[in-house]
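Please look over the sequence and the fold below before reading on. The paragraphs that follow go from a helix pair to a hairpin and end with the chain as a whole.

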Amino acid sequence: MSFEEQPARQHTKKKRTGRVVLLSVLSVMVIAALVAGLYAWNLARTFDENSNKLADAFPAEETRPEVKDESKDAINILLLGTDTREERSEDEQGDDFATLPNGGRSDTMMLVHIPSDRKNVFVTSIMRDTWLDIPGVGTAKINRAFASGGVPKAVETLEGLFGIRINHVASIDFEGFKGLTDAVGGVTIDNPIAFTPVHAKGYYFPEGVQKLDGDNALAFVRERKAFTGAGGSDYRRVKNQQLFVKALIGQILSKETLTSPSKIQNVVSEIAPYVAVDDTLDSAKIAGIASSMLNIRSDDMTFFTLPNNGPGRSADGQSIVIPDMETINKFGEALQNDTVDEFVASTDLSQ
């Protein structure tokens, strides 16, 4: 997972988190239901009463693509990572950020694809500066879709790019990673590149295996200015977010968590106040999806970045990410035909 205005912050309620992480809660709720019906009902009520809704998340029906029979049972979810920090670096202030219901700005996008057979989950990160055709706007950074038409315009843009329908949308506040990480007792990652955050003072992440608590996790997934080199800082940040989310899901789905009612309750309680979902996605829908995904574990999840040809400049001088349209078109066809597993197996996605 840049947008325009940031409204006044509201401190009366925690903000939201969790959509890729919410996939873990799918299994958590169903497993809990098998153990104790009343307990599961309490978890569902906690989620429904404390999560928030993204009203009017989808574009007009006439703009949306038809769904092929081959992929009618697949599920596509647009995940938006939001940031409700009151202080941001100077370079971030000029970006075009979306205003979302949590008062935050979204600068992280992931498409979560769950195939019809429910054997895998594919998560595609979309760089915020990716240069795409935005309906009614023209060719621009994907950020501009949010700035010009909010979440519905972003959905319309990606549905047009891939030729598929996005079934659900959710926004996550990075602040939620803090409490959620602590709720599962910390998250172990294998960090490929040592770095010292520029804006989160007092932290250092060495290369190698290490366990993150909530504060460390938040600094880890936010940082981008510490990274340089080809492709710029956003590339490494996206990789770190993918790495952390997969590790967090693995911890949530571990036997240690799933066999502990108190940890399950803590996970749901921490997620709910930080998540905003479209108005078709409630605990009942989540449980329905979960019932078909009970065997999914973190090793069954594949993360990759939307294929691109690296950084470049637009005709008017903007710093952009150049999409690899040939490979993206193949990805779109795979989404339409429910053959993303074949696409991943036959494509170099090591960006």
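Contact here means heavy atoms within 4.5 Å, and helices (H or I, at least four residues) and strands (E, at least two) are DSSP runs numbered from the N terminus. This is a predicted model, in which local features need pLDDT of at least 70 and side-chain atom pairs count only at pLDDT 80 or more, while totals for chains, interfaces and linings use all residues. Residues are numbered from 1 along each chain as its sequence is written, and side-chain values use heavy atoms, with hydrogens and water left out.

In the helix pair, A217, F220, V221 and R222 of α6 meet R237, N240, Q241, L243 and F244 of α7. The residues of this contact divide into five nonpolar, two polar and two charged, where Ala, Val, Leu, Ile, Met, Phe, Trp, Tyr, Cys and Pro count as nonpolar, Asp, Glu, Lys and Arg as charged, and the others, Gly among them, as polar.

Strand β6 (residues 131–134) runs antiparallel to strand β7 (residues 138–141), and four bridges join them; two strands pair if DSSP finds at least two bridges between them. W131 stands opposite K141 in β7, and W131 also lies, with D133, on the uncovered face of β6, whereas L132 and I134 form the covered one. Three residues separate the strands of this hairpin, in which G136 takes a positive phi near 80 degrees.

Taken as a whole, the protein chain has 12 helices and 14 strands, and 57% of its 351 residues count as buried, that is, under 20% relative accessible area, with exposed being over 50% and partly exposed in between (1.4 Å probe, protein chains only).
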